[in-house]
Amino acid sequence: MQRNTNRKALAALVIAGALALSACGGGGGTAGPAKGEDKPVDSLKFYNDKGGWKDAFTQVGAASKKDVGVGMEPVGYSDSNTYTAFIRSSFRTKEKADLFTWHTGKELQDLVDQKLVAETTDQWTKAVADGNIPEQLKQYFTYGDKQYCVPLNAGYWVMYYNKAVFKKAGVTQTPKTWAELTQVADKVKAAGVKPFYQTNILFSFVWFETLLAGKDPDLYDALATGKAKYTDPGVVEVMNEWKKMIDAGYFSDPGAKTEPQAQLKNGDVAMINFGTWFSGNLNTLKMKAGTDYDFFVIPNVNPELPKTSMIFETGPVCSAAGSDHASTVKKWTDWWVTPQAQTAWANSRGDLSFNPKAEVKDPGLAKLNKDVGGDGYRLINRWFEATPVPVANKALEVFGAFVTKPGDPMPGLQKIQAEADAYWAKQK
Amino acid sequence: MSRVKTAILVVLGLIWLAPVYLLVVNASKSVDGYDAKTVWKPAGFSLFANFGDAWSKAALGDTLVATTMYSVIAPVVAVLIGSAAGYAIVVLRLKRGFLWFVFIFGGTIFPLQMILMPLFSGYANSGLYDTRIGMIIVYTAISVPFSAFVMRNFFTGIARSVFEAAVVDGGGLFRIFRSIYLPMAGSALAAIFILQSTFVWNDLLLGLTLSQSDSVRPIMPALTGLQSTYGGASLPTVLAGGLLVSLPTVILFLAAQRFFSRGLALGQF
Amino acid sequence: MSNQVLDRTGARKAPLFGLPAVAVVALLLYLPFLWTTYVSFTDYDGLASPVWSGLANYKAMFSDPDLIGALVNTLLWVVGMVTLPVALGLLIAVLTYGHKWGTWLRLPFLLPYAISGVAVGVIWGFVLQPDGALGQALGFFGLPGAHTGWLQAGPGNTLMMIVAVTWQAAGVNALLFVVGLQSIPAEPLEAARLDGAEGFSLFRHHLWPQLRPITTVVIGLSIVGSLKTFDVVWVMTQGGPGTSSETLALSMYKETFVLNDYGQGAAIALFLSLVTFAASILYLRYQLGDAREQG
């Protein structure tokens, strides 16, 4: 028995040796994908960093199998950093991802620059013509006149609120202006509930984003492209406004580890500013849309602005360039953008779809989906995607410290700007 | 004296159990019954419903066979390889033994996060990616330094005369290792096994990076899918999932206790 | 048979027994790390081919003001981890060993290690959050500190996380100490007891010296483990607020996985590995070197 094990161990060693040698070679070797032969398959792996959506992905896979004969199996990751590193490394190996989720902005740009991701210009042209993808979305997927990937989802950032808490505080109408929002917050506070949710990890940027986009969306866009500085007076003003709100006791404890959806449900906070995917989280806790919770569009801080700033988030579904299964991938993504597919996808998670023709069951979300398509809104790319990664990382550190212990914002803003200067200098 | 000892142990033990208590109580609450302000108070008993939720939501059943395989085979192989090294260095007085030892122990020094990506490329290019044998190999490698370290030091405690007598009796070196040294190291082997087995069972990073299909991926990547900003499960479900997958390791610790209950020869001191 | 003959018999075949361990470690741990070492001298984003950049990453690392903070926090972890869990582990081992209900009394300390990381992270998160389980308990007993934000400011947040890890690690150390205690031969102890040694004096003069091999293991592993501290910090604070609880391993992770600056991350990893290597070799050299002369 023992000897047997030893022999097995030896065999294992030999294999390990072979692998390690190839590991050395694999790193420095061939960049740029080789054009593979096309081999159609009847099911695709879908790598994603949204492990919590496994059920929804599986349902969609069953639907696509039924509709076009191509199935889809999700391979979920929950830690998005590990996921990103995994996908980045995979292009150098023969384990190229047929379908994978990614981030728009600089992250997708990186892949496009290295020619690692398949072009989808023809699919986009057709989908826009058919009305399956709104024209407005195109810019987020366009690099040098060509499109890459197709949308996975679309989310608008709105204010969720606990209806019972509003009732207790005597709030009968949702606010239409920033002044009304402040009044609502005061009423809620008087009733002994923290008006707004805030955290010092990751989503610490949300209030910065909301205040800046609602006050000066042009400055917001300029900041994202490096044309304005974090130390500009407009940004400082936003930080001071934020500090005033924190000092006034408008926010929940940023160190709380309780999930935001549980905080809203338990009435620890009255309002939470999140993407529409948050509906799904609340539904998981058996809260009912329209009865237990609802949401409203966040009014602009500056009432003079012609359009309501609406923070918008979208993620792409991409495919590695030179995939062996290119024709299957095309067949599947063609199906993916159809109203039929999107109706299944949106309702499996209780969320919106990028496709305006998808039938969203949740009436509140359906109405929002229609309204936002109209003229009164200015779509603002979410700060997290709009901001270059190193700048965003530094800023998250600064915001995290700021919401925990607000003080003079200037030193923190200077730190962010130093990072931004370094970043933009490298881009030119 | 004995009573004082017992008292200290009981008090310390209760402190240690407090977080475990929190875990069990909150994992037992109904999905919508959790409230951060009353974490100490039990409320209802939906533990089994939550178990079921976690089980189906994270599809834990699919990964059970693979994970069990990894956490049994890899530590066993590692314990054997490690004790062989310890035996060579201490008992057989391998030349430059300290260097050999430092080399093996050095394997624990590298931060795991930094070897993940090169490992992945190597695995993907050699066909070991997403295979059970690949997972077993990597888990074995990662467990070897620890077991070599413990066994090396354990063998230093065994008198030299044992080896001398065995050689005089005419046993081959392999036989001496197998039928004299390994049996003497029972408790050390058991300790290494359960510690490494638990480590493998609870591993997240290697499993996440080196495998993708349901039949190869270990259990933790599946479990963390419950905990996600974008549509994760409710807190009681997450905790119930965490508790559920801990049961096998808890049972392992319980079962292995008899290895550590000996030593009554020492009596009270 | 003389000692020399014995040594020769053993030494000739000894490499065969040591080889499997060396091979498996070399191929799966050293080789990937060699790649990391190479990357540390390059500019590499994980996509394009690495471009040689000499010592640029190292220069950038040592001119980063946040590095000092991470270094200090890492040292805090080392000091904390070689004292708290080791001392507690030894105490638990000695108290339970030979105790009638020893195996049962030891169990509460072993449970934390058996519980999966996901659950442990969540539990400690709500133990330590402001007005969390710890705060509620303090409040219940009328003690001060109920509203403390345990993780909100350095270096307190690092200390609290050391406590959390102690909770998980003490039992493992205890288990290793028990193994050490079991390897102590009974006769000399009986003799000492007949000479009238008991209690603490028996432990100090007769048990403690014999526990040395296993103490070396426990402390050696604690040094290595604490220098690499990552998981618990990443789960509980992600190094924040700001960078107040960041450790070297966390800086390394952020550079590599968050910022995709693989070269910079690799440089920190190499620096961290060198420090770990130096610390553990100094310690082991001292401990094992002495033991070799005796044995």
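Biologist: How many residues of domain 1 of chain B are in contact with residues of domain 2 of chain B?

Modeller: This is a predicted model, in which local features need pLDDT of at least 70 and side-chain atom pairs count only at pLDDT 80 or more, while totals for chains, interfaces and linings use all residues. Residues are numbered from 1 along each chain as its sequence is written, and chains are lettered from A and ligands numbered from 1 in the order in which they are written. Domain 1 covers 4-45 and domain 2 covers 54-262 of chain B, with bounds from an automatic or database domain assignment. Counting residues as in contact if their C-beta atoms, placed from the backbone, lie within 7 Å, domain 2 supplies seven and domain 1 supplies eight.

Biologist: Which helix gives the largest share of the side of chain C that touches chain B?

Modeller: The interface joins 85 residues of chain C to 90 residues of chain B. Helices are DSSP runs (H or I, at least four residues), numbered from the N terminus. With 21 residues in the chain C side, the largest share comes from helix H1 (residues 3-39) of chain C.

Biologist: How is H2(A) oriented relative to H14(A), roughly parallel or roughly antiparallel?

Modeller: Helix H2 (residues 54-68) and helix H14 (residues 339-349) of chain A pack at about 160°, with axes 9 Å apart. Axes are lines fitted to C-alpha atoms over the stretch in contact, and angles run from 0 to 180 degrees between N-to-C directions. Angles under 35 degrees count as roughly parallel and over 145 as roughly antiparallel. Therefore H2(A) and H14(A) are roughly antiparallel.

Methods:
Contact = placed C-beta atoms within 7 Å. Helix = DSSP H or I, 4+ residues; strand = E, 2+ residues; numbered from the N terminus. Parallel < 35°, antiparallel > 145°, perpendicular 65-115°, else oblique.
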